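Hi everyone, thanks for coming. Let me walk you through one model today, starting with how I use one word.

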Amino acid sequence: MATANNNLSEYDKTTIPNAKGFRFGIVVSEWNDTITEGLFQGAKEALLEHGVLPENIVRWDVPGSFELIYGSKKMQQQMVNAVIAIGCVIQGETKHFDFVCEGVTQGIKDLNVLRETPVIFCVLTDNNMQQSIDRSGGKHGNKGTEAAIAAIKMAELRKNS
Ligand SMILES: Nc1c(NC[C@H](O)[C@H](O)[C@H](O)CO)[nH]c(=O)[nH]c1=O
Ligand SMILES: CC(=O)[C@@H](O)COP(=O)(O)O
């Protein structure tokens with residue numbers, strides 16, 4: 001189902017476990033920072049709404065989405081229950097978009113396979129800035145909210161498994 005038919009910020013709040021005891025690391029790309037800041041705010045607000053203490057949200061910034069891989073790997077080594085990797089990759093004139101998107105996708109996948117701490121993929125891979133605006137607090141909701149809910153659910157799964 002496309003995002004256009006499935007608002008990123010809409011979910012059944014009664015199904016989300018209380019996250020008061022959890023600690024989360026959020027790694028934020030500085031590329032397209034007007035977008036990534038909106039994603040971060042959406043994630044932070046959702047975490048706080050579900051009981052996470054402000055002091056249990058740790059943020060690190062990295063230069064671009066490709067550096068989310070290394071930043072998330074180092075964040076996994078911190079005392080956190082899950083990591084959220086936030087980035088925004090927008091198609092330019094060349095194939096660089098393809099390589100960045102594939103690289104960060106595979107890198108974050110690898111971190112989930114090789115280590116115990118879940119890393120949530122909150123990376124927009126859009127054709128243009130408007131699509132990114134629409135998905136970071138615009139008409140299609142906020143992918144940061146979606147990522148925060150995923151992080152809480154995966155932290156709970158990790159705790160119970
Ligand atoms: N074009 C975008 C980039 N490019 C930069 C890379 O992510 C990386 O920082 C650089 O290649 C150095 O390793 N990054 C984004 O996050 N978004 C873009 O649209
Ligand atoms: C995703 C990118 O790296 C891209 O935005 C860079 O733009 P360009 O392909 O025009 O160099």
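I call a residue buried if 20 or more other C-beta atoms, placed from the backbone, lie within 10 Å of its own, exposed if 12 or fewer, and partly exposed in between. By that count Ser65 is buried, as 27 other C-beta atoms lie within 10 Å. Cys88 is buried too, with 28 such neighbours.

A word on the source: this is a predicted model, where local features need pLDDT of at least 70 and side-chain atom pairs count only at pLDDT 80 or more, while totals for chains, interfaces and linings use all residues. Residues are numbered from 1 along each chain as its sequence is written, and chains are lettered from A and ligands numbered from 1 in the order in which they are written.

Now, where do these two sit? Ser65 is in the loop between S2 and helix H2 (68-76), and Cys88 is in strand S3. Helices (H or I, at least four residues) and strands (E, at least two) are DSSP runs, numbered from the N terminus.

On to the sheet: it is open, with four strands in the order S2-S1-S3-S4 and parallel pairing; to pair, two strands need at least two DSSP bridges between them. S2 (57-62) and S4 (119-126) have a single partner strand each, so one side of each lacks a neighbour in the sheet.

Contacts next, meaning C-beta atoms, placed from the backbone, within 7 Å. Beyond four places in sequence, Ser65 touches residues including Trp31, Val89 and Val123. For Cys88, on the same terms, the partners include Trp31, Ile35 and Leu124.

Note on methods:
Two residues are in contact if their C-beta atoms, placed from the backbone, lie within 7 Å.
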